[in-house]
Amino acid sequence: MNVFPIRSSPYIFCALFVSVAVTLHAQTHPVPPSQTPGAKPGPSKTAPKYTEEQMQEMISKLEDRIQKAAEAVLGRIRKEETDVHLRFSYLRKPERLDPNYFKSKEDITIWRDSLKELKDKEIGLDKLYAEADQDLGNALIQQRINQSIADQIKNELLKSFPWNIIKKKSDLMREYIAEHDDLLAFYDKNWGSWKPGSEPGTATFSDNQLATTFQSLKEKINATGKQIDEQYKVMLE
C-alpha cells in the first residue's frame, strides 16, 4: 500500500503554475507609462523583457525545479508513511491477539522489538511533518527559485496536507502502540495461564479476571486499530 498524504497534487501544481505565469507575465510585460493610472498620455513603446517563447521556457524550467524540490521532501514523507503503515499492518494481524500463537517468551521479546521499531518510526514521521515547512522552503531555494515564488509554492503545498487527519492518525497510533505494549506485557506476566479455545484463534483462561482483562485489551486494540485504518482510507481518497 503506497500511502501518500497529499491529495489532488496535479491540481495544486496547475494552480501554482498559473500563479507563477501571471507573476512572470507582469514582470516581463510592464505596463507602458501612458497606460499607468494617473500618468499623462504620451507616446511610449515599452518592449517586453522576454518573448512569449522565452517565458514559456522559463515556466517549464521552473516546473521541473518545483517538482524536484517537492519530491525531495514529500518523497521522504511518503516513504516513511508507507513504512509505518506496513509495520502497523503486521501488528494488526489476528495472530497478534492470539496468545496461543506465541510459542515461547522469546516470541514476546521479538514482537516487543517490532513494536519499539514502529514507535521510533512514528516519532520520525511526526518530525518530518513538523519540519515540512522548513524543509520545503529550503528545497525550493536550493533549486534556485525566487524567494517570493518559493514562498507561494511552499504555502500552497502545505495547505494541501490533510493536517487534521495526519494529527488524528498520529494520536491514534500512539494509543495503539501503548495498548499493544500492554497486551505483550500481559502475555509475559501471565505466560502459560491460557489454552486454545473452542474456536480457532481464541484462548480461554481458568481465571475469570484474566479472561476479562484479556478481552478488554483485545477490544481496545481492535477499536483503535479500526480507527487508524479509517484515517488511512481518508488520506488516500
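Biologist: Which element gives the most to the lining of the second largest pocket?

Modeller: Start with the list of lining residues, then sort them by element. In this predicted model, α3 gives the most, with seven residues.

Biologist: Which residues line this pocket?

Modeller: The lining holds Arg 112, Leu 115, Lys 116, Lys 119, Glu 122, Ile 123, Asp 126, Arg 174, Ile 177, Ala 178 and Asp 181. Two elements give two or more residues each: α3 (105-130) and α6 (163-189).

Biologist: How many of the lining residues are nonpolar, polar or charged?

Modeller: Sort the lining by residue class. Four residues are nonpolar and seven are charged. None is polar.

Biologist: How much space lies in the pocket?

Modeller: The second largest pocket holds about 190 Å³.

Biologist: Now the whole chain. Which elements does the protein have, and in what order do they run?

Modeller: Count first, then read from the N terminus. There are seven helices and two strands. The order is α-α-α-α-α-α-β-β-α.

Biologist: What share of the residues is buried?

Modeller: Buried here means under 20% relative accessible area. Of the 237 residues, 38% are buried.

Biologist: And the surface?

Modeller: The accessible surface comes to about 13900 Å². Carbon and sulfur atoms account for 53% of that area.

Biologist: What share of the contacts joins residues at least 24 apart?

Modeller: Take the contacts between residues at least 6 apart in sequence. Of these, 78% join residues at least 24 apart.

Methods. Residues numbered from 1 in each chain as written. Predicted model: local features only at pLDDT ≥ 70, side-chain atom pairs only at ≥ 80, totals over all residues. Heavy atoms only, no water. Helix = DSSP H or I, 4+ residues; strand = E, 2+ residues; numbered from the N terminus. Buried < 20%, exposed > 50% of the residue type's maximum accessible area, 1.4 Å probe, protein only. Contact = heavy atoms within 4.5 Å. Areas by Shrake-Rupley, 256 points an atom, 1.4 Å probe, with all protein chains shown as cover. 1 Å grid on protein atoms, 1.4 Å probe; cavity = no way out; pocket = protein on both sides within 12 Å on 5 of 7 lines; lining within 4 Å. Points joined across faces, edges and corners; volume = space filled by probe spheres on them. Nonpolar A, V, L, I, M, F, W, Y, C, P; charged D, E, K, R; others polar.
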